[in-house]
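The report below is meant for a reader who is meeting this structure for the first time. Please look over the sequence and the model before reading on.

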Amino acid sequence: MIHEECGVMGAYDFDGGDVALDLYHGLYTLQHRGQESCGIVTNDYVKLYTVKGKGLVNEVFTKYNLPTLKGKIGVGHVLYGYTGEENDGVQPIVSRYCKGSMTICMNGTITNYDELRSELESRGAIFQSSSHAEMVMNMVAVARTQTHSAEEAMLATAAKLKGAFSIVLMSPKKLMAVRDPYGFKPLSLGKRGNAYFFASETAAFDVIRAQTVCDVRPGELIKIDDNGVTHFDSMVGKVKPAQCIFEYVYFARPDSYIDGKSVYKARIDIGRELYKAAPAQADIVIGVPSSGLHFALGYSYESGISYVDGLMKNSYVGRTFIKGTDEIRREAVSIKLNALRGAIEGKSVVLVDDSIVRGTTSANLIRLVKDAGAKAVHMRIASPPFVYSCPYGSDIPERKALAAVRMSVEEIRKSIDADSLGYLPMSAFARAGLADRYCDACFTGKYPDGAESR
Ligand code: SF4
C-alpha cells in the first residue's frame, strides 16, 4: 500500500470571520493524504494560535482547543511521513524572524534537500527536524532579508528548489500558495463569499461549501492579502508540466478534480481501458475498497460483467496502524477488509485493485476472496507495474522491494495465487484522457526533472 505524504490547506476571510472551523473540516476531508499528524495555525494580526500534534484530525482537535484558534487567516496540514525516517516535523511549522512570523505547510519532497540544508548549516542555520518544510522556511527567511516582500522571498526560494512542492505560507498579513513548476502535487484555490481557500484537493472545498476558482498553475504563486488576490507567474511555463499520474489512480479522492479533471471519471475510464487490455471471463467483478471500486465499475461497464460489492471495508480502522512488517500487513488486510461470502461463493471473480507494490497485499486479498468461496480469482491492476521508486514524496519503496522488479508477471501471478493477472498498459493512460502533462516515472523511469531512482 502506497501512501501520500501530506495534504495542505489555507484560508483567508476578507470579512474577518474565524477560519479555524473551515480548516478543520477541510483537513478532515484530506485525512486520506496523511494520518500521522496534523495541525492548524491561525492569525488574528495580533498573535498566532496553534494546535497541532500526532494523530488523526478527530484526535488532535477537540471541542475545547478548536475555539481557541482565532483569526481570519490560517493554514492547516495533515502529514503521513516516511516509513523508517525521522519524523519529527509536525506541521504547520511556525518561526519568528526579523520580519515577524512565518508559518509554512508543505506537500512534497525537495530532491536537492541535502545540498540546500548543508549550505544553510554552513552559514549557521539550526534545524530542529528533518522536515523539508522547515528547510524551505529557513530559505524564505534568509531570502526575505534580501527582498522587498514575502512573495518575492518565496519566489526566490522556489527558484532554488528541485523536486515536488505544493506550499501554503502565512506571513503576518498574507496568505500565499506556490506550486513547483512541474506541478507534481495538486493545489487549488476555492472561494465562498468573501473567504478564499487553498487545498490539496477540491473535495475539501465541497465540505465547506466553497466553489473551486482555479488550480494553482504549475510554477504559480498566488498571494491573498488586504489588496485582494494576486497571481505571480514568473515560474509558469518554464518547464513542461508533469503532474503525478498516480494521484488519479490512488492518492486523490474520487470526488476531487485535479487540474480540471474528475478523478472519478478518470478511474471509470481507466477501468474500461483495463478490460480492453486485459479481458477476463468471470461471473462478477469486484473492486478493492476504496480506490479499486471505480476501476471495477469501469471494467464492469465495458465488459458487461456484473459489478458486485464483494469486499466490506471497516472504516473505523485507523490507517496509522496499517504499516510495518509483512505480518502486520497480513493481519491488517483482514481487519480492514472482509469478503462477502454471500456475493462471492461459487463465483468466478475479477478482482480489481489500483496497484501491486510488494505483492503481499494482493496475495492476502486473493486468499480472502478464495476463502469466501470464489471458484477463481482473476486479478486486474489499474496501473502499469511499478518498476521505479518515486523521489517526489510518494513512499513507493526502493526498486529492489518492488514485485515487478524482482519477478515477471507470471511469477507475480503465481506468488499471489491468482488464476490470471493483468496490468493496465502505459498506453491506456492516454486513451483514458491522461496524456502529455503527467509524471509517470514510477512506471517508466522517465523522471521529468532528471532525478534518479533509488
Ligand atoms: S514517480 Fe509516480 S508517484 Fe511519483 S510523482 Fe511521478 S507518477 Fe507520481
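In what order do the 7 strands of the open sheet stand, and is their pairing parallel or antiparallel? The order is β3-β2-β4-β1-β10-β9-β11, and the pairing is antiparallel; helices (H or I, at least four residues) and strands (E, at least two) are DSSP runs numbered from the N terminus, and two strands pair if DSSP finds at least two bridges between them. The model is a predicted one, in which local features need pLDDT of at least 70 and side-chain atom pairs count only at pLDDT 80 or more, while totals for chains, interfaces and linings use all residues. Residues are numbered from 1 along each chain as its sequence is written, and side-chain values use heavy atoms, with hydrogens and water left out.

Strand β2 (residues 37-43) is joined to β3 by 7 antiparallel bridges, and V41 stands opposite T50 in β3. Helix α1 (residues 20-29) lies across β1, β2, β4, β9 and β10, running at about 160° to β2; contact here means heavy atoms within 4.5 Å, and angles run from 0 to 180 degrees between the N-to-C directions of axes, which are lines fitted to C-alpha atoms, for helices over the stretch in contact.

Another open sheet holds 6 strands in the order β5-β6-β7-β8-β12-β13, again with antiparallel pairing. Because β5 (93-97) and β13 (228-232) stand at the edges with a single partner strand each, one side of each is left without a neighbour in the sheet. Strands β6 (residues 100-110) and β7 (residues 163-171) are joined by 8 bridges, with M106 opposite I167 in β7, and helix α4 (residues 132-144) lies across β5, β6 and β7 at about 130° to β6.

Most residues other than glycine have a negative phi, and most peptide bonds are trans.

| Site | Feature | Loop |
|---|---|---|
| Q91 to P92 | cis, omega about 5° | P92 between β4 and β5 |
| P289 to S290 | cis, omega near -5° | S290 between β17 and α9 |
| Y45 | positive phi, about 75° | between β2 and β3 |
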